[in-house]
Amino acid sequence: MWHTLYKWGRMFKRATLAAVILVAACSDGVGPAPSRLADPSFATTSGSPIVLDQRSGALNQYDVHIGKGFEEGNPHRGDAIVATFFWLGSTNTITQVTDHLTDGTPVGNPYTLVEYVTAGGISMATYVATNVQNFPDTSTESNKVLDVHAIFSSPVQAGVMISAYRGVGSVAPLGAHRSASGSGSEPTVASPGTMPLNENALAYAVTMSDGVVGTDPPVGFTNITTMSDAVMGVDGEYAVPGAAGSVNPQWTWYFTSPRTWIASVVALNPAALRLSYVAQPTTTLPLLTMKPVKVAVVDDLGNTVTSFNGTVTIAIGHNGGLLLPGTLSGTKTVTAVNGVATFSDLSIDQPGNGYTLKASGSGLVETESAPFNIGVF
């Protein structure tokens, strides 16, 4: 019993210290005085571009307009934003989720409902917007803060948690997702269940209970925000395991009387890294060194992934040799620098028309160059 009380007190303190309010310039409801959120921890893995960019949250709002702005500065354009709304009620009465600046300027990114779960008179809905645009990138001006809000059909006691991630794909951003609920009157494990996760995908996990109760977070996850008020407690976590497999986030809620929990987990897939020529091979004479050929590693929005420092290999694609097949010489595998691989000593020994070079790398979508000639002008 004393161990349980100690754990409850320790985790309740953790939850209370993370309570936050809305940005003052926003018209959304106001909560208790904020404690500054800790700097984001970046859960990067080899080859994975997904990182936590910005986050924020608030509880203790009562209105039809429930929302929150990013406190530490706006996220980057092109990010994915996850917004989870928590409220007292047993139906999803949200009619719209969208965003605006704190000066009232509409932004209008579309948010899609991914998971909704309700039990015991509490509800939680998670919405996702990908490749967000139309706001001042990384702005810290108080009237230009990006605010995400939900409109309910009638006033609710509610809160919201928002987080933004860089490196989420825009072609097929959403992976698996699921929710679950339960109850207990003593320390209780809460989990949405096991969910498959693609290679380098991000798992976003969130839980809610109907009261001021401490919780231990799931192992292997990094905290987004932990909050509580007089009627609810919430905890958000994320993880980027790297290898494909499955995740099963499990919290321990330290209940001491009958309580209800709900939990959701959502997978966000990484941008597909691919290769793209930034300096094409050019026509030259047999055995003479070409001008440097450069290949960049880019995400599915075409942005160079400057954090990539793996190797890229180049080879002949279409062999255009006229009499004999051409042979490519030079350093054919190089290490990328700031996401760009430079091949500076390539040559081909046989004249021909329509040669191409193919670039490839582990975990990268290969690319083929434009046609070029050797010794034929």
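1. In what order do the 5 strands of the open sheet stand? The order is β7-β16-β10-β13-β12, with antiparallel pairing, where strands are DSSP runs of E of at least two residues, numbered from the N terminus, and two of them pair if DSSP finds at least two bridges between them. β7 (174-184) and β12 (222-228) stand at the edges and have a single partner strand each, so one side of each is left without a neighbour in the sheet.

2. This is a predicted model, in which local features need pLDDT of at least 70 and side-chain atom pairs count only at pLDDT 80 or more, while totals for chains, interfaces and linings use all residues. Residues are numbered from 1 along each chain as its sequence is written, and side-chain values use heavy atoms, with hydrogens and water left out.

3. On confidence, the mean pLDDT (the predictor's confidence in each residue, from 0 to 100) is 87 for the protein, and 87% of its residues reach 70 or more. Over residues 1-47, however, pLDDT stays under 50, and for this stretch the model has 118 contacts beyond four places in sequence, a contact being heavy atoms within 4.5 Å.

4. Returning to the sheet, β7 is joined by 9 bridges to the antiparallel strand β16 (residues 259-268), and S181 stands opposite I262 in β16.

5. A search of the whole structure finds 6 aromatic pairs, counted where the ring centres of Phe, Tyr and Trp (its six-membered ring) lie within 6.5 Å, with planes under 30 degrees apart taken as stacked, over 60 as edge-to-face and the rest as tilted. The rings of F85 and Y127 have centres 6.1 Å apart and planes at 80 degrees, so this pair is edge-to-face; F85 lies in strand β2 (residues 80-88) and Y127 in strand β5 (residues 122-129), 42 residues apart. F85 is buried at a relative accessible area of 0%, and Y127 also counts as buried, at 7%, the term meaning under 20% relative accessible area, with exposed over 50% and partly exposed in between (1.4 Å probe, protein chains only).

How values were computed. Helices (H or I, at least four residues) and strands (E, at least two) are DSSP runs, numbered from the N terminus.
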